[in-house]
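User: Hi! Could you walk me through this one with me?
Analyst: Happy to. Here it is.

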Amino acid sequence: MVAKGNGEAEHRVTPTREAAVAAFSKLLLGAVAPLAPSAESLAELLAATRHRSIDKCAQLLRAGDVADELFFVHAGLLRYYVSDPEANGEQRTGQFFEEGSIVTDAASFLSRAPAEQTFEALEDSSILLIPHAALYRAYARDHAVERLGRLMLETALVGSQRRSGNLLNLTPDQ
């Protein structure tokens, strides 16, 4: 139960794994259309996922750990940040991720190297965790799931290029 500002109580709905899986499935099927993953590939991938309800300020991935999972934001809001060692560890937010986003530290996830980014919940959130090994098995077995991977990489590349371009246009004082 959550207290509302007017003194009344409001019941917080805790999203279930089933609801998170259904939302991820809908996103995946929409993204890869007109292709469709086989029922077996999709079932195997979804069976490997885990659901987490996380509290505000909880960390999903810490810098220095290897990103072993993709995070599907079913409900809530995440951010990633890096800590600036030259500014006493000041946190510098890189990006925000809302419901429907699929995120992780891509460099860590793809290269299996330690992450440079920390992912943190900015509000209570419902997250579906998609393991690296299960995703790569699905890529190998099903072209439609592999297409999802390509589309995620394309989205990440475009976002990265835009952020880099924005930084190049800043003056030294900005």
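User: Is Glu 120 buried or exposed?
Analyst: Glu 120 is buried, because its relative accessible area is 11%. Buried means under 20% relative accessible area, exposed means over 50%, and partly exposed is in between, with a 1.4 Å probe and protein chains only. This is a predicted model, in which local features need pLDDT of at least 70 and side-chain atom pairs count only at pLDDT 80 or more, while totals for chains, interfaces and linings use all residues. Residues are numbered from 1 along each chain as its sequence is written, and side-chain values use heavy atoms, with hydrogens and water left out.

User: Thanks! Which residue forms a salt bridge with Glu 120?
Analyst: That is Arg 79, with the closest N and O atoms 2.8 Å apart. Glu 120 lies in strand β9 (residues 118-121) and Arg 79 in strand β6 (residues 78-84), so the pair ties together parts 41 residues apart in sequence. Arg 79 counts as buried too, at 10% relative accessibility. A salt bridge here is a side-chain nitrogen of Lys or Arg within 4 Å of a carboxyl oxygen of Asp or Glu. Strands (E, at least two residues) and helices (H or I, at least four) are DSSP runs, numbered from the N terminus.

User: How many salt bridges does the structure hold?
Analyst: The structure holds 7. One of them joins the side chains of Arg 50 and Glu 69, at 2.5 Å from N to O. That pair links distant parts of the chain, with Arg 50 in strand β3 and Glu 69 in strand β5, 19 residues apart. Arg 50 is partly exposed at 42% relative accessible area, whereas Glu 69 counts as buried at 18%. Arg 92 also forms a salt bridge, with Asp 84, where the closest N and O atoms are 2.7 Å apart. Glu 44, Arg 137 and Arg 141 are linked in a network of salt bridges.

User: Switching to the sheet: what is the strand order?
Analyst: The open sheet of 4 strands runs β3-β10-β5-β8, with antiparallel pairing. Two strands pair if DSSP finds at least two bridges between them. At the edges stand β3 (50-54) and β8 (102-103), each with a single partner strand, so one side of each is left without a neighbour in the sheet.

User: How many bridges join β5 to β8?
Analyst: There are 2 bridges, and the strands run antiparallel. Phe 72 has Ile 102 in β8 as its bridge partner.

User: And where is His 74 found?
Analyst: His 74 is in strand β5 (residues 69-75) and is buried, with a relative accessible area of 16%. Leaving aside neighbours within four places in sequence, His 74 is in contact with Pro 15, Ala 19, Ala 20, Ala 23, Glu 99 and Ser 126. Contact means heavy atoms within 4.5 Å.

User: Last topic, the core. Which residues have the most contacts inside the largest nonpolar core?
Analyst: Those are Phe 24, Leu 45, Leu 78 and Leu 135, in a core of 36 residues. The largest share of this core, 5 residues, comes from helix α1 (residues 17-32). A nonpolar core is a set of buried Ala, Val, Leu, Ile, Met, Phe, Trp, Tyr and Cys residues joined through side-chain atoms within 4.5 Å. Leaving aside neighbours within four places in sequence, Leu 78 is in contact with several residues, including Ile 54, Phe 96, Glu 120 and Ile 127.
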